[in-house]
Amino acid sequence: MADINAGSKSQGTYRAALAAVIILSVLMAAAIIALALGFVRQYRLYQQDQAPAAVTGDAAASLQLAPGAHIVSASTDAGKLVLQVTTPAGSEVDIFDLATGKRTAQVKDGPK
């Protein structure tokens, strides 16, 4: 009689261990899949945050100064081109967006 009880107890323990192994294997597979999806999500967010430095097109933007105007200085900062220009009518500072090539601001002073 002792052998029958030992066999059923052993079989119950085996089933419990087998169920634990199956459940833990499924949880481990789900964790690995969640980890991979997390990496993909973070990579996509990283790519969205990386803005292009400047939009380059086939045609370059051109700027034509007024007759008699001269560029005194030119500099770039934060994606902007800053031009200091003297004209017969006075001085001015023009600010252009490098991505679009359009003038975003202009400051003029009167004649000297």
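**Glu92 and its sheet**

Author: This is a predicted model. Glu92 lies in strand β3, which covers residues 90-97.

Reader: Does Glu92 count as buried or exposed?
Author: The cut-off for buried is under 20% relative accessible area. Glu92 has 13% relative accessibility, so Glu92 counts as buried.

Reader: Which residues is Glu92 in contact with, leaving aside its neighbours within four places in sequence?
Author: Contact here means heavy atoms within 4.5 Å. With those neighbours set aside, the partners of Glu92 are Leu83, Gln84, Val85, Thr87, Gln106, Val107 and Lys108.

Reader: What separates the C-alpha atoms of Glu92 and Lys108?
Author: Lys108 is among the contacts of Glu92. Along the chain, the two residues are 16 residues apart. Their C-alpha atoms are separated by 4.2 Å.

Reader: Which side chain does a polar contact join to that of Glu92?
Author: The limit for such a pair of N or O atoms is 3.5 Å. The polar contact here is 3.1 Å, and it joins the side chain of Glu92 to that of Gln106.

Reader: In what order do the strands form the open sheet?
Author: The sheet has 4 strands.

Reader: Which are the edge strands?
Author: An edge strand here pairs on one side only. That holds for β1 (70-77) and β4 (103-108).

Reader: By what angle are neighbouring strands of this sheet turned against each other on average?
Author: Direction is ignored for this angle. Averaged over neighbouring strands of this sheet, the turn is 15°.

Reader: Over how many bridges do β2 and β3 pair?
Author: Strand β2 covers residues 80-87 and pairs with β3 in the antiparallel sense. One of the bridges links Lys80 to Asp97 in β3. The count for β2 and β3 is 8 bridges.

Reader: How many bridges join β1 to β2?
Author: These strands form a hairpin with 2 residues between them. Ala78 in the turn has a positive phi of about 55°. Ile71 has Val85 in β2 as its bridge partner. The two strands run antiparallel, joined by 7 bridges.

Reader: Why does β1 lie largely in the open?
Author: Strand β1 has 8 residues.

Reader: What percentage of the protein chain do buried residues make up?
Author: The chain holds 1 helix and 4 strands, in the pattern α-β-β-β-β. It exposes about 9400 Å², with carbon and sulfur atoms supplying 62% of that. Of the 112 residues, buried ones make up 9%.

Technical notes. Residues numbered from 1 in each chain as written. Predicted model: local features only at pLDDT ≥ 70, side-chain atom pairs only at ≥ 80, totals over all residues. Heavy atoms only, no water. Buried < 20%, exposed > 50% of the residue type's maximum accessible area, 1.4 Å probe, protein only. Polar contact = N/O pair within 3.5 Å; in protein donor to acceptor, adjacent residues only side chain to side chain. Pairing = 2+ DSSP bridges. Axes fitted to C-alpha atoms, helices over the stretch in contact; angles between N-to-C directions. Areas by Shrake-Rupley, 256 points an atom, 1.4 Å probe, with all protein chains shown as cover.
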